[in-house]
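Open the model in your viewer and keep the selection panel at hand. This tour tells you what to select next and what is there.

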Protein chains: 2
Amino acid sequence: MQNRKIVVIGGVAAGPKAASRARRIDQNADITIIEREEILSYSGCGLPYWISGVVKEKKELTSTAAGTQRDPIYFAKVKNIRALNRTEAVEIDRNRRSVLCRRLETGEILNFPYDNLIIATGSIPVDIKIPGSDLKNVTHLKNLQEAANIREALASCSKVAIIGGGFIGCEMAEAICECAKQATIVEMMPHLLPGLLDEDMALLLEKSMREQGVVIHTNTKVVRLDGNEEGQVQKIVTHNGIEIDTEFVLLAVGVRPVVDLAKKAGIAIGNSGGIKVDSHMQTSDPEIYAAGDCVEHFMPLLGEHTLSAMGSIANKEGRVAGTNAAGGDIAFRGIVGTNVLKVFGTNVGRTGLTNAGAIARGMKTVTAVVASSDRAHYYPGSSSVILKAVVEAGSRRLVGLQGIGTGEVAKRIDVGATAITGQMTIDEVADLDLSYAPPYSPAMDPLITLANMARNKLDGLLDGISVTEVKKRIDSGDDLILLDVRDPAEFESMRLPGSDLIPLSDLRGRISELPKNREIVIICRAGLRAYEAARILKGEGYNNVKVMEGGVLAWPYPLEMG
Amino acid sequence: MQNRKIVVIGGVAAGPKAASRARRIDQNADITIIEREEILSYSGCGLPYWISGVVKEKKELTSTAAGTQRDPIYFAKVKNIRALNRTEAVEIDRNRRSVLCRRLETGEILNFPYDNLIIATGSIPVDIKIPGSDLKNVTHLKNLQEAANIREALASCSKVAIIGGGFIGCEMAEAICECAKQATIVEMMPHLLPGLLDEDMALLLEKSMREQGVVIHTNTKVVRLDGNEEGQVQKIVTHNGIEIDTEFVLLAVGVRPVVDLAKKAGIAIGNSGGIKVDSHMQTSDPEIYAAGDCVEHFMPLLGEHTLSAMGSIANKEGRVAGTNAAGGDIAFRGIVGTNVLKVFGTNVGRTGLTNAGAIARGMKTVTAVVASSDRAHYYPGSSSVILKAVVEAGSRRLVGLQGIGTGEVAKRIDVGATAITGQMTIDEVADLDLSYAPPYSPAMDPLITLANMARNKLDGLLDGISVTEVKKRIDSGDDLILLDVRDPAEFESMRLPGSDLIPLSDLRGRISELPKNREIVIICRAGLRAYEAARILKGEGYNNVKVMEGGVLAWPYPLEMG
């Protein structure tokens, strides 16, 4: 029998993973990776950190953990894989089962027959078609070469604008500030990380980024870029007439899967625009697999396929594609939709559905928000995290979790992702035996406290109101009593405009000061004392009482100080 | 209808939690907490950090996150709960449904009738009956008062011995070193954290603690403590004749549930020695609930009840007991058995069953060990974690996870605890959509890599051998080829005694140097390259090839250097 021929198109993340795994399954296979760019198998997610200088050397992004460069020689010697860089896959000939390629430097045409083909063509930044997007110093963060260009250009700029406030936009804003430049984000949607965070959580991120000096315009559409006489970008002009001076513009409005080659070969493309694959990462052609950013991923929570450009998913799918292409038989169970982001000292994470997303899909939800210390409050370095749970009301299942804070967020997000995968109810989450010691968590982990808060709401023990709702109600002049139940010193240092103080310890004695016929919103630092106060008021026959969830810590709007 | 009377015996962790929750459920209940000690509702788990000075003020351990002292006045004013400190519960009279108490300062006898009673009497250190255990400067870490005594005594000692190498023993060793004292641990069992870690992982902890200057004697039984003329402890004498000079001895051989009062009242005690409770935390007397260290907890993984003295469990159970005692109806699902520990810069965690524990219960298991960076290897601060999975062979279910390293361990342990709770297979764990960004994890989270390693073993792609097994085989003079496949520079800097080098990149070319008729153990830094090498050798017909799991990073024994 002849050796199995496996061809992999794409040399970053899913591609090399699939090829390496195929080699481990079949030592005799003939394996080829075809990659358009010079450098393969680098960490695309590390680019913002190389641009900022947090990662010192470019080669760190292209080396293994042991320090070996993953170049064609490495693939040849260590993996016995033929890795062709600067080589473009031009056409997939499914009848002849071969891939036609062109070496970009020589123009040479090569033809690689395959028994199994793996498409891992990844994603590219979405282009926005606006006047001026072809000016000099307007670019995307597309690859390592483009990152090098950005690094170089940044050296001679002082003002940088980013169009798009998604993950890459936010990471790049940090990178630009790290280089001591002024960063401005312009986002068309009402808040940062649209679709990924709910408004209340996104506003907290916005607040923390503004505190670091980032200028943020949300609800703002860019209509034009203006240049100077040398054809260099000089100004962003927005739909509402704002003009933003800039010397460099990064377009970061999202990425889209690269599917041209697959499409041309007649391979089925899904509604989301990614290559259609089954759980074995098999495309509509059973001899062809696909993995990574170029496919649409299955999301069991929704029973739908969706796009997500994540190195973590690409690696998992690459392993599955590589296994099956080499004669194995494994399936990939799909994704939950987990992302995490560091912006300056703030950790942001999310998994599953946002509340807005769940509601848009017709789901009836209950949400809960709490602020908490990430470890025992007395342990040095203890920092705050604000968590939000989205729970399906009927089934009580956790369907989404978001977190933000200077404290440990990613841990809680990972537990949330695991709980969602396990289809756990919020009651099961509340009972999770999470690790406890003072350097790592309070006795009640923030996630447990959050789950209990959600249960209290589901069980009718607690009526909550979100900070965004409170703000809307205040702004529309509604008749609300904003009752702060913290200690006087806390209240003095900062408070919601228009709020009144009755410390929790005085509440039972002073309860008659509160009218029963008006709506009362109770406020504390993190949400727990307000809950305690609400229970007292309920016990005394106050029936229009709400707890502002997450307390002052979760309030993203201006506070009165001092 | 009369107000419901709820009496809670015990004022730390489970007790105050139950009382506070009962208050939130029923604003009219008459609620009393009875506590023997002066100070109630403090963080027992914080004591080592107060002794070491990491936590500066004692009051930080007794205050809420908002800084309020949780004293009887706080309970009265904020919670409308009568909290009696320095008050001993003398007898539970189940016929009259009342608790007889004595105020310790006045001798006054009080009687508290109850509709529902909650027993939260906690645990106390196990006494070891050896000659000399009544000498001066021999003590337990029993409570806040005893911690104060230890703090004071430490000021005038330079050498401190700890009998018992469990969690408290290890935490206290760090605390003592933080005070610039010499710490010695004497542990009767073969390794630290017996029952909680497998030997391979415990030896790594031992190694890291020795590097910090802690002297550790395992397999060593203390037979006698000798004192000086003033009756102060001076020396520990062990079964094998070792004499350890010391000025202070901390007995930390474990804790046992305090159940005397319950037992005397005829309440059922379980085989483990804790109070028997059902999922509602109800004892054999339906009017009496119990929660926290004094009960035996349900462990669904084993279908058994077990003891565990954890503030996290106590709080969860207290909430359940308080809810039900106040007329609510909720159940507690039980524990997985999760612990985490910080010793100097090393993080140690475990959840579920150890391999030794699983085997002792007749389970057929497969284990996997990997070493990995906790975040992208190029991201500053990236540190190593070594994880071990215990998988039930037939069902492929994850039943245990252990971790150790200077990197982020607790996050992976929490995910493991959640996965075990969700009865996930190792295949499901491998597909978990864990959060990825370079500051938080590599593209393949260490837990995902671990799960894949376990799958490879289950699927026959990989024969592993543990570091302890390799050591035993070397020590017994077995004919083994120890083949190191790292780069020459890595090999030069440190290696296993007796190992030979063929770098992975040369292996295909030099394969004929290796005989087919001898057993080959392949070694690399973390285990991944060795796996790659093993696949190459298998492909060439080498059938007696094993991968040393976790590589040099997981090797707890001396290495040859330079």
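## Two helices, then two chains

Start with chain B: the crossing of H1(B) and H8(B) is right-handed, meaning that the near helix is turned clockwise from the far one (a left-handed crossing is anticlockwise, by less than a right angle). The model is predicted: local features need pLDDT of at least 70, side-chain atom pairs count only at pLDDT 80 or more, and totals for chains, interfaces and linings use all residues. Residues are numbered from 1 along each chain as its sequence is written, while chains are lettered from A and ligands numbered from 1 in the order in which they are written.

Select residues 14-25 of chain B for H1(B) and 311-325 for H8(B). Helices are DSSP runs of H or I with at least four residues, strands are E runs of at least two, and both are numbered from the N terminus. The two helices pack at an angle of about 40°, with axes 7 Å apart. Axes are lines fitted to C-alpha atoms, for helices over the stretch in contact, and angles run from 0 to 180 degrees between N-to-C directions.

Next, show the contact residues, among them B:Ala18 and B:Ile25 of H1(B) and B:Gly318 and B:Ala321 of H8(B). Contact means C-beta atoms, placed from the backbone, within 7 Å.

Now display both chains. Their contact takes 71 residues from chain B and 71 residues from chain A.

Definitions and conventions: Two residues are in contact if their C-beta atoms, placed from the backbone, lie within 7 Å.
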